Each structure stands twice: as C-alpha cells, then as structure tokens.
Amino acid sequence: MSSKYAVELKDLRKSFGKTEIIRGTNLAVAQGERVAVIGPNGAGKSTLFNLISGRFAPSSGEILLNGERVDGLLPYEINRRGLARSFQITNIFGRLSVFENLRCGVLWSLGYRYAFWKFLADLKDANTRADELLQMIKLERKRDTLAMNLTYAEQRALEIGITIAGGASVVMLDEPTAGMSKTETARFIELIRDVTEGKTLLTVEHDMGVVFGLADKIAVLVYGEVIAFDTPDAVRANARVQEAYLGSVLADAQVAEGTRLHAGHPGH
Amino acid sequence: MSLESATTAAGAAQAAPEVNPVPAMRPWPLRGRAGTWAGFALILLLAPLVFSSDLSVSMLSQIGIAIVACLSFNMLLGQGGMLSFGHAVYTGLATFVCIHALLGIASGAFPVPVSLVPLIGGLAGAFFAILLGYVTTKKAGTPFAMITLGIGELVAAMVLMVPEFFGGEGGVSANRSVGKPFLGITFGPPLQVYYLTAFYTFVCTAAMFAFTRTPLGRMLNAVRDNPERVEFIGYSTQRVRYFSFIIAGFFAGVAGGMYALNFEIATSEVVGAGRSGLYLLFTFLGGATFFFGPIIGAILMVLSFTLLSELTKGWPLYLGLVFILMVMFAPGGIASLLMMNVRLAAYRKLGRVVVWYPALMATALVMLAGAAALIELFYQIQLGSGNETHTSVFGIGLDTQSQASWIGAVAVLLVGYALFELVRRRFGRVWGRVQEEIEAQVAAREGR
C-alpha cells in the first residue's frame with residue numbers, strides 16, 4: 001500500500017452509445033476509509049462499481065488502485081491486485097456447498113492458481129481459511145449445504161464471505177442489504193463491519209439507515225457526477241445534496257415510514 | 001480433512017432444468033474409498049473370466065474404451081457445463097495417430113512398446129485440444145456448443161480430404177501384434193488387449209476422479225455454476241475452461257489409442273458427428289451429475305450396440321425414445337435415479353418406496369410391449385416393403401396386414417399407460433411424503 005489512497009478516480013467517463021452515464025467523476029478514497037456511494041436511481045452507482053471492478057472498461061479517465069492504474073484491466077486482474085466486490089443480485093456457486101464456495105474464493109490468493117496436481121483436501125491453509133470465513137459469516141451449521149438451498153439472508157452473507165475470502169484490501173459491496181428485513185439488516189451491518197475491519201470499504205446503498213450507520217464518508221452521485229464527498233454530517237447539511245437528492249429521499253422516507261426514521265436517526 | 005461434499009457430482013448441461021437438486025451427500029474422499037476402487041479393479045480383473053467368449057472379451061474392451069471416453073466427455077459436460085458436440089474429434093484423431101504409430105512400430109521407424117500406444121493417443125488428444133480448444137473455450141454456453149459442432153464438421157471433412165494420412169473412405173489399418181513380445185505378450189489375443197485396456201481404464205478413471213478433487217477441478221465446477229463470479233475471485237474463466245479442455249482431450253486421446261489397439265483400423269467415422277452424438281447421449285443417459293454416471297452410460301452404449309442391435313433392427317428408435325423420456329423426466333440420468341434411492345436408504349425410508357417398484361415396472365413393461373409392437377410393425381412396413389409382413393415382439397407374432405395386430409398393439413399400449421399412470425400417481429404421493437419427511441429431518445438437524 002504505497003499510496004495514500006486505496007481507490008482514486010480521475011475524470012472518469014463512461015458512455016453507452018451516445019449516452020454518457022459517468023460524466024467526469026473524481027473521487028479519492030483513503031486507505032481504510034468506509035465510503036458509501038448514494039444517489040438517485042440511474043445516477044450511475046452500479047456503473048461506477050462495474051468500472052472500478054473491471055466489468056466494463058471506462059471510455060476515458062483513470063482508475064487507480066493503491067496508486068496503480070487498473071483501468072482497462074480485466075476483472076480477475078483487478079481482483080488479483082487487491083480489490084473484491086459483491087453483487088446486488090446474489091452471485092454465488094449454487095451447486096457447490098457453502099464451504100466449497102468459500103474455498104473457491106481463497107484459492108487464487110493462496111497461490112493455487114490452476115493446479116490439478118494437488119488435492120484440495122491437502123491444502124491446509126485454504127481449508128483453515130475457508131473454515132474461518134465460515135465462522136465469520138456465521139454459517140458453520142450450513143457448511144455442507146448446497147448454496148442454492150440457503151435462505152436469502154444466508155445467501156447474502158455467503159456473498160460477502162466469497163467477496164472477502166481472497167483477503168482483498170479494498171472491498172466493494174453493491175447493495176449488501178437489499179431485500180432484507182429490518183432486523184436482518186441490523187444484524188447484517190454488524191457482520192459487514194466485522195468482516196471488513198481494517199479494509200477500505202466502498203458500498204452502494206439505498207437504505208439511509210445503513211449508510212449513516214456504516215460510512216465514514218459519503219459520496220453523492222447525481223447524473224454521473226460526484227456532487228459531494230464528505231462526512232455523513234456534512235453531507236446531510238449540504239444544501240446542494242439536500243436539493244438534488246437527500247432531501248427528497250428523506251422526505252419520502254418520512255412520509256412513507258412515519259416517525260420510524262426519526263426515532264432511528266435523531267439528527268432529523 | 002475428510003469432509004468433502006459431492007460437488008463434482010452436481011451439475012449437468014445448461015440445458016438440464018434444475019430440478020431434483022443433488023443432496024449434499026456424505027463425503028467420500030479418495031482415500032476413504034479404497035473399497036470402491038478395489039472393487040472396481042477386481043471387476044476389471046475378473047470380468048473376462050466370467051464373460052470369456054471372444055465376443056464378450058471384445059465387448060469388455062469396448063466398455064473400457066467407452067468408459068474413458070464418456071468420463072472425459074463428462075469432464076466438460078457435467079463438471080464444466082460445456083456441451084461439446086465434437087468430442088469424437090479428440091478420440092478419433094488420436095486413433096489415427098495411434099494407427100500410424102503402430103505402422104511406425106511395424107516398420108521400425110518408431111521404436112516404442114505397443115503397450116504405450118494409448119499414452120501416445122493421450123498426448124495426441126491433448127495436442128489437438130491445445131490447438132483447437134484454444135478457439136472453442138474462448139466461449140461458453142451455446143457459442144461453445146456451436147463452435148465444437150463446427151470444428152467437428154471441419155475435422156470430419158478434412159479427414160476425407162487428406163487421404164495420404166487418413167486413408168480416405170477406407171481408412172487406415174495397422175497390426176497391433178508388431179512389437180517385440182515382452183514375457184510372451186504380443187497383444188495378438190483379445191484377452192491380452194483387454195487387460196491392457198483394463199489397466200488404462202482403471203488408471204484413467206482414478207486420475208479423472210482425482211482431478212475433481214483439485215483446485216482446477218473445483219474451479220471448473222465454479223465456472224459451470226457462475227462464470228461471471230469466477231472472474232471476480234481472481235480466475236480467468238477462459239483459462240479454467242481451456243486447461244480443463246486439454247486434460248479432457250488427453251483422456252479422450254487415451255480412449256482413442258485404446259480404440260486403435262482394439263480395432264486396428266481408423267476410418268472417417270471415428271471423428272464423425274455420429275460418434276460425438278453417442279458420447280453425449282450415453283453420458284447423459286448414465287448421468288452427467290455424478291462422477292460415476294458416464295460409466296453406466298458407457299456400459300449401456302456397448303450393450304445397446306451389440307446386444308440390442310441383435311434383438312431388433314429398430315434399436316435406434318428405442319434408444320431415441322429412452323433418451324427423450326430421460327431428458328424429460330430424469331435429467332440426472334440413471335446415476336441420479338440410483339442416488340435418490342441411496343439417499344432414501346441413508347434415511348431408512350427406502351422400504352416404503354421399494355414396494356412400489358414391481359408394480360411400476362410391470363405396468364411400464366405392458367406399456368413398453370404395446371409401444372414395441374407398434375414400432376416393430378411400422379419398422380416392418382418400411383423394411384419388408386410389403387413382401388415380408390410378419391414380425392414379432394416378445395415371441396408374439398404380428399402381421400402388418402392384420403387389423404388385429406394393430407388394434408391389439410394400440411390396446412396394449414393404452415391399457416399399459418392407464419395402469420402405469422394409476423400406479424405412478426399413488427407412488428408419487430408416497431415419494432413426496434417421504435421426501436418431505438427427509439427435508440424436515442434435515443431442517444431440524446441444521447437448526448432452521
């Protein structure tokens with residue numbers, strides 16, 4: 001980690017056809033920071049994640065991971081350089097057991113690559129690590145269950161487990177709590193906090209409770225541009241953010257949920 | 001570290017609907033299964049003593065070859081989700097190379113022992129997989145299937161266009177008993193070839209099973225289940241497919257080499273789409289979702305080719321019928337049907353369903369008799385071209401000119417179907433209840 005910044009975006013742009021989705025985004029995430037990316041639907045949050053993780057190549061601009069240019073690299077190349085991501089739609093290996101899912105996640109980072117001359121059962125470090133991960137995501141009892149037979153919340157936990165398995169220093173979580181109940185979400189935030197301890201975290205999230213509970217800093221993305229990047233309190237107070245996005249979201253949420261949000265977040 | 005779930009097991013072609021999820025079976029690591037492997041070796045050793053006629057020994061050799069070919073095919077289909085329509089390219093080209101190797105041994109130009117010819121086949125298979133697989137494994141899913149089909153056609157056409165190497169329509173032939181005899185072994189008698197084949201069959205089966213327990217083997221399963229995710233945990237899906245494809249090509253080549261030794265001839269048919277189709281069909285019938293499924297398929301392949309074809313000339317029709325029924329109702333093949341019962345046995349509930357099997361089989365047999373009578377009657381019209389009208393099913397004479405034959409056949413079929421449905425529905429309820437009980441037990445154990 002030679003660089004002060006874990007992830008840096010410099011005038012990043014991405015167009016699909018004639019439509020420019022990401023329009024000159026600049027962002028510098030310091031090592032160990034927890035950043036939530038928020039913004040209205042269609043702001044380009046998912047696209048931004050896809051660019052950083054290598055799913056799409058940017059149209060122009062630079063992406064630096066720990067000071068090293070990674071724009072234009074393939075997903076697995078970026079992953080090998082220390083960035084891992086989860087997906088909004090659960091993305092696991094359905095017909096493998098929970099344990100096997102996690103072990104697949106650790107294999108590359110431990111240097112086993114494409115080995116076909118070693119037995120998995122003999123790879124002590126990989127098996128130990130997979131069992132540790134199993135404990136971290138609290139699925140010990142589902143060790144040998146096929147991933148597709150897990151409940152939704154369990155699958156989301158496994159998704160996080162696979163993401164952190166390779167020991168990446170930068171972790172990106174795309175709507176980790178989407179579709180979960182309130183109680184599940186609360187427990188899940190604790191889990192995320194635990195497993196990303198000491199790592200740089202980037203997360204896309206719609207649930208403002210999650211955002212304010214988890215993030216050190218918030219990046220507000222509106223129409224492909226970061227209009228604010230600051231601490232939660234500062235972002236909340238930011239007039240431009242209020243106007244562009246947050247005000248309407250909070251107002252909607254208050255109308256929809258009555259006093260629940262108030263009770264949860266005395267800042268309002 | 002003895003816990004390994006049956007993941008190799010899981011997975012079939014992307015075409016297979018995801019019904020009957022394979023339960024997480026009790027782990028069977030390689031070393032704990034010494035009994036299974038010893039049994040397999042014993043069967044290979046003793047089989048020719050039980051089936052000792054020249055025809056049976058030749059069939060046993062063919063079964064060995066088919067086992068290695070189908071297992072290597074299933075490395076792609078069952079474990080990698082790669083539906084190949086051109087697997088015969090790798091078995092077949094290896095056969096050609098091995099025939100030329102035998103010719104070289106005969107002329108003294110290529111001094112290697114005949115017993116190593118299958119290994120040469122393996123290297124040839126791997127070589128062609130390196131060459132052609134680089135193109136095919138760039139893609140997955142349907143494009144992969146299409147490209148393998150294209151390459152299969154390409155190679156089949158090339159074989160006929162280069163008669164200098166491939167011998168044109170007639171193919172090339174060689175003599176296997178050309179090397180220096182070693183301890184009196186010339187590989188002339190079928191039994192000697194059988195034991196060489198059996199040796200390679202055993203070693204290749206063990207090696208392919210071992211592959212399923214390696215990092216590459218497991219990542220191949222991961223690529224099958226979710227290629228996109230694999231790219232985000234450090235692996236290139238294309239490399240995983242390519243390396244696995246080469247290994248599958250190697251074992252396919254060994255099968256091709258054994259074929260060369262057994263038949264001493266290679267014709268254009270060995271690389272053809274027909275043979276590729278057979279590997280697919282019988283691997284699927286045997287069961288692509290379990291490692292041992294293709295072994296069952298391979299045995300069926302040889303049996304249906306030699307025995308069923310003796311029984312009736314219309315045997316491909318029956319085969320097609322069985323294949324369609326299997327794809328529709330038991331996409332996991334025979335292996336998965338077996339394992340479902342093993343699972344019930346593990347939960348001590350097998351007895352409750354087994355009592356239904358005689359009734360199911362009896363009614364199915366009535367249905368089959370009716371269907372068979374119709375198939376044979378139609379076949380006789382086509383075959384006898386009006387002159388020969390007699391045929392028979394289960395020893396019952398039929399006549400294409402007789403109304404009674406046709407009406408009788410249809411009646412038997414309908415009655416059989418009605419009875420079968422009656423039994424099947426009741427059986428289905430019992431089966432469903434038993435499954436629910438097991439689910440409840442599993443849930444209780446996991447503390448859901």
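How many bridges join strand β1 of chain A to strand β4 of chain A, and do they run parallel or antiparallel? I looked this up before anything else, bearing in mind that this is a predicted model. I got five bridges between β1 (residues 5–16) and β4 (residues 60–65), with the two strands antiparallel. For one spot in that pairing, I noted A:Val7, which stands opposite A:Leu65 in β4(A).

Next I followed A:Leu65 to its other partner. In β5(A), that is A:Glu68. β5 of chain A covers residues 68–69, and two bridges join this strand to β4(A), again antiparallel. I then checked the turn: the hairpin of β4(A) and β5(A) has two residues between the strands, and A:Asn66 takes a positive phi near 50° there.

Then on to the contact between the chains. I found 38 residues from chain A and 36 residues from chain B in it. On the chain A side, the elements giving two or more residues are α2 (75–80), β6 (83–85) and α3 (98–107). I also sorted that side by class: 19 nonpolar, eleven polar and eight charged residues.

Last entry, chain B by itself. Which domains does the assignment give here? I have domain 1 as 30–332 and domain 2 as 347–446. Their C-alpha centres lie 33 Å apart. The contact between these domains of chain B takes four residues from domain 1 and four residues from domain 2. On the domain 1 side, I wrote down one nonpolar, two polar and one charged.

Key: Residues numbered from 1 in each chain as written. Chains lettered and ligands numbered in written order. Predicted model: local features only at pLDDT ≥ 70, side-chain atom pairs only at ≥ 80, totals over all residues. Contact = placed C-beta atoms within 7 Å. Helix = DSSP H or I, 4+ residues; strand = E, 2+ residues; numbered from the N terminus. Nonpolar A, V, L, I, M, F, W, Y, C, P; charged D, E, K, R; others polar. Pairing = 2+ DSSP bridges. Domains from an automatic or database assignment.
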